[in-house]
Amino acid sequence: MVRISLFILLVLNSICHYVQANSLWHAIDINDPNLTVEQAAQQCAKSSMFAPYSLEEWCEKAYSMGSWKSLLYIGYYTGDGTRYVNEAKKNAQADDVEAIKILAWIYSNGSFVERDLSQSIKLYNDYLNHKKNKSLTKHQLVSVHKALYNIYKELEFWQDASKSLQYIINNEDNGIEKNFFREEMVYIRERLSK
């Protein structure tokens with residue numbers, strides 16, 4: 001009886017998972033002449049979770065239509081993000097501010113490249129100081145300062161960490177996070193006083 005119940009439970013679980021996955025994966029014709037780059041990029045992203053067998057096809061389609069960021073999924077899927085990194089570098093050199101931020105993230109995490117925190121700091125600061133970034137939202141600025149703060153803290157650059165942290169405290173809307181960063185400031189001030 002226990003075996004039958006367990007078997008039924010496993011079958012029902014599989015059916016539910018299949019139905020849920022298929023309801024989130026909408027079959028779109030990859031050769032549809034009305035297909036937009038946004039739709040192709042969405043299918044690329046969704047395929048990583050719901051249809052990995054078609055990930056490369058959808059991501060290559062999105063890339064050929066102009067979504068170079070779709071190469072990230074191919075990089076994760078194949079383990080080789082060389083094309084993604086090269087596209088990020090090419091777009092950053094062409095003054096694409098989002099590519100600069102992506103490249104900073106790549107170097108801070110060591111995603112597909114050797115981790116280089118100095119390069120990441122430089123790129124994050126290039127992003128913050130870029131002439132096209134006058135329209136950045138407060139949330140975008142805070143997220144970059146959080147990334148910089150974590151790098152500065154790891155490198156024990158306490159003065160720089162303090163500046164980024166103060167920016168976060170002054171601009172963070174989430175009360176819980178703001179309190180956390182206030183506590184972090186106590187820690188940083190202790191380091192600065194040594």
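Predicted model: local features only at pLDDT ≥ 70, side-chain atom pairs only at ≥ 80, totals over all residues.
User: Which residue does Glu87 pair with in a salt bridge?

Analyst: The general idea: side chains of opposite charge can pair when their charged atoms come close. Here the partner of Glu87 is Lys90, with 3.4 Å between the closest N and O atoms. Both residues sit in helix α5 (residues 82-93), three residues apart, which is about one turn of the helix. Lys90 is partly exposed, at 48% relative accessibility.

User: How many salt bridges does the structure hold?

Analyst: Nine. One of them joins Lys146 and Glu177, at 2.4 Å from N to O. That pair links distant parts of the chain: Lys146 belongs to helix α8 (residues 138-155) and Glu177 to helix α10 (residues 175-192), 31 residues apart. Glu177 is partly exposed, with 30% relative accessibility.

User: What about Glu184, which partner does that one have?

Analyst: Glu184 forms a salt bridge with Lys153, and their closest N and O atoms are 2.7 Å apart. Glu184 is in helix α10 and Lys153 in helix α8, so this pair ties together parts that are 31 residues apart in sequence. As for accessibility, Glu184 is buried at 11%, while Lys153 is partly exposed at 28%. There's a network to look at too: salt bridges with shared partners join Lys146, Glu172 and Glu177.

User: On to the rings. How many aromatic pairs are there?

Analyst: Seven. Take Tyr152 and Phe157: their centres are 6.5 Å apart with 35° between the planes, a tilted pair. The tilted label applies because 35° falls between the 30 and 60 degree cut-offs. Tyr152 is buried, at 7% relative accessibility, whereas Phe157 is partly exposed at 37%.

User: How are the rings of Trp158 and Tyr187 arranged?

Analyst: Edge-to-face: 5.9 Å centre to centre, with 85° between the planes. This pair also links distant parts of the chain, with Trp158 in helix α9 (residues 158-171) and Tyr187 in helix α10, 29 residues apart. Trp158 is buried at 15% relative accessibility, and Tyr187 is partly exposed at 28%.

User: Which residues do ring pairs link into a cluster?

Analyst: Trp68, Tyr76, Tyr84 and Phe112.

User: And which ring does the charged end of Arg83 sit over?

Analyst: The ring of Tyr63, with the charged end of Arg83 5.2 Å from the ring centre.

Conventions
Residues numbered from 1 in each chain as written. Heavy atoms only, no water. Salt bridge = Lys/Arg side-chain N within 4 Å of Asp/Glu carboxyl O. Helix = DSSP H or I, 4+ residues; strand = E, 2+ residues; numbered from the N terminus. Buried < 20%, exposed > 50% of the residue type's maximum accessible area, 1.4 Å probe, protein only. Phe/Tyr/Trp six-rings, centres within 6.5 Å; stacked < 30°, edge-to-face > 60°. Lys NZ or Arg CZ within 6 Å of the ring centre and 35° of its normal.
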